[in-house]
Amino acid sequence: MARKYGTDPICSLDYAFQRIGGKYKGRILWHLHIRDVLRYGELRKILDDITPKMLTQSLRELEEDMLIHREVYLEVPPKVEYSLTKVGKELVPFLHHLKDWGAKQIRKEKLKPMKVQS
């Protein structure tokens, strides 16, 4: 079940951005696409500008919106892996378009990205 938002979406674009908007969700989805499965610690290393609280919150929201799957392994120490769901994988072509558009705009504006991410 999708998580409840303060208001109903105004349109389909609003609906989409309520789920994938923000500073980190798109990057989390992108890296899960590239690597298929990532553990929490691996995501922390890749997204070195995110706080643990924000990463946890973003992962929970993405899971509630059925875009990622959280697999918990009952072992010591506990092991948790994240991967894209079928619905999350449907976003990948759009993430590619956004990534290409962003790269084009960065070049156009002669900006220097902090670091290159695949």
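**A close look at the hairpin**

Reply: Let's start with a facing pair: H69 stands opposite S83 in β3. Residues are numbered from 1 along each chain as its sequence is written. The model is predicted, with local features needing pLDDT of at least 70, side-chain atom pairs counting only at pLDDT 80 or more, and totals for chains, interfaces and linings using all residues; side-chain values use heavy atoms, with hydrogens and water left out.

Now step back to the strands themselves. β2 covers residues 68-73 and β3 residues 79-84; they run antiparallel and are joined by six bridges. (A strand is a DSSP run of E with at least two residues, a helix one of H or I with at least four; pairing takes at least two DSSP bridges.) Together β2 and β3 make a hairpin, with five residues between them.

The peptide bond that joins V76 to P77 is cis, with omega about -5°.

M66 sits in the loop between α4 (52-64) and β2, and its phi is near 60°, a positive value in a residue other than glycine. M66 counts as partly exposed because its relative accessibility is 42% (buried is under 20%, exposed over 50%, partly exposed in between, with a 1.4 Å probe and protein chains only).

D36 is in the loop between α2 (25-35) and β1 (37-39), and at 54% relative accessibility D36 counts as exposed. As background, most residues other than glycine have a negative phi, and most peptide bonds are trans.
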